[in-house]
Amino acid sequence: MHAKDILIDGYHRIQEEVHAAVEGLDPDDLNARPTAETNSIAWLVWHLTRVQDDHLADAFGLDQVWLAQEWEKRFGLDLPRQDTGYGHSDAKVAKVRVSDGGLLTGYYDAVHAQSLAALRALTAADLERVVDERWDPPVTLGVRLVSVLSDDLQHAGQAAYVRGLLQSAAA
């Protein structure tokens, strides 16, 4: 197995977890926040998708799906167009609301498709390419891909946890 095959498998797992966290929930559950200081499933999935979209588009020299496919218009959020959710205050978290889980999974699936196309074209040498010199040591493409994979899986797990809290409360 090659490194790109491991990465592709990992990114498929994000997609599986996103769908498992979102599917079958109504808007009230998607937008529910267990407390005023916590994140909703909608925010968590939107944020992890925005991070993947932003970071991989930058690393591979691609257009962000959010803008190129007009997902930012479909979501209609009262946030800056380039916002990824990083550092959001409680008030900004509250602005990320959806009326349908299909919006979240549709956007994720579009980002996933672009991510997979880029991952399938990877060579071993590509993984060593520096994509961000603002860090010491500079960040390589391989490190960036693993970083996004890790961050996204953590947020997908948080969304699954919130789903479990909501289902326990309803039972």
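Author: The lining of the largest pocket is made up of eight nonpolar, nine polar and six charged residues. This is a predicted model, so please read each value below as computed from predicted coordinates. The largest pocket holds about 620 Å³ of space. Its lining counts 23 residues, and those nearest the centre are His55, Tyr86, Trp135, Arg144 and Ser147. Two elements, α3 and α8 (141–170), each give two or more residues to this lining.

The structure has one cavity of 30 Å³ or more, and the largest cavity contains about 40 Å³ of space. Around the largest cavity stand Gln52, Asp53, Leu56, Ala57, Phe60, Leu62, Val111, Gln114, Ser115 and Ala118. The elements giving two or more residues to that lining are α3 (41–60) and α7. With five residues, α3 is the one that gives the most. By kind, the lining of the largest cavity splits into six nonpolar residues, three polar ones and one charged one.

A pair of aromatic rings is described by how far apart the centres are and by the angle of the planes. Counting pairs whose ring centres lie within 6.5 Å, the model has five aromatic pairs. Trp71 and Tyr107 are both buried.

Tyr107 has another partner in Phe75. Here the ring centres are 5.8 Å apart and the planes stand at 75 degrees, so the pair is edge-to-face. This pair, too, links distant parts of the chain, with Phe75 in helix α5 and Tyr107 in helix α7, 32 residues apart. How buried are these two residues? Phe75 counts as buried because its relative accessibility is 7%, and Tyr107 is buried with a relative accessible area of 1%; the cut-off for buried is under 20%.

These contacts belong to a wider group. Ring pairs join Trp46, Trp66, Trp71, Phe75 and Tyr107 into a cluster.

To finish, let us step back to the whole chain. Its secondary structure comes to eight helices and two strands, which run along the sequence in the pattern α-α-α-α-α-α-α-β-β-α. The radius of gyration of the protein chain is 16 Å, close to the 16 Å given by the globule rule for 171 residues, so the chain is as compact as a globular protein of that length. Taken along the principal axes, the C-alpha atoms fill a box of roughly 50 × 35 × 30 Å. Of the 171 residues in the protein chain, 44% count as buried.

Terms used. Residues are numbered from 1 along each chain as its sequence is written. This is a predicted model: local features need pLDDT of at least 70, side-chain atom pairs count only at pLDDT 80 or more; totals for chains, interfaces and linings use all residues. Side-chain values use heavy atoms; hydrogens and water are left out. Rings of Phe, Tyr and Trp (its six-membered ring) pair if their centres lie within 6.5 Å; planes under 30 degrees apart count as stacked, over 60 as edge-to-face and the rest as tilted. Buried means under 20% relative accessible area, exposed over 50%, partly exposed in between (1.4 Å probe, protein chains only). Helices (H or I, at least four residues) and strands (E, at least two) are DSSP runs, numbered from the N terminus. On a 1 Å grid over the protein atoms alone, a cavity is a set of points where a 1.4 Å probe fits but cannot get out, and a pocket is an open set with protein on both sides within 12 Å along at least five of seven lines; lining residues have an atom within 4 Å of a point. Grid points are joined across faces, edges and corners, and a volume is the space filled by probe spheres set on the points. Ala, Val, Leu, Ile, Met, Phe, Trp, Tyr, Cys and Pro count as nonpolar, Asp, Glu, Lys and Arg as charged, and the others, Gly among them, as polar. The radius of gyration is taken over C-alpha atoms; the globule rule is 2.2 Å times the number of residues to the power 0.38.
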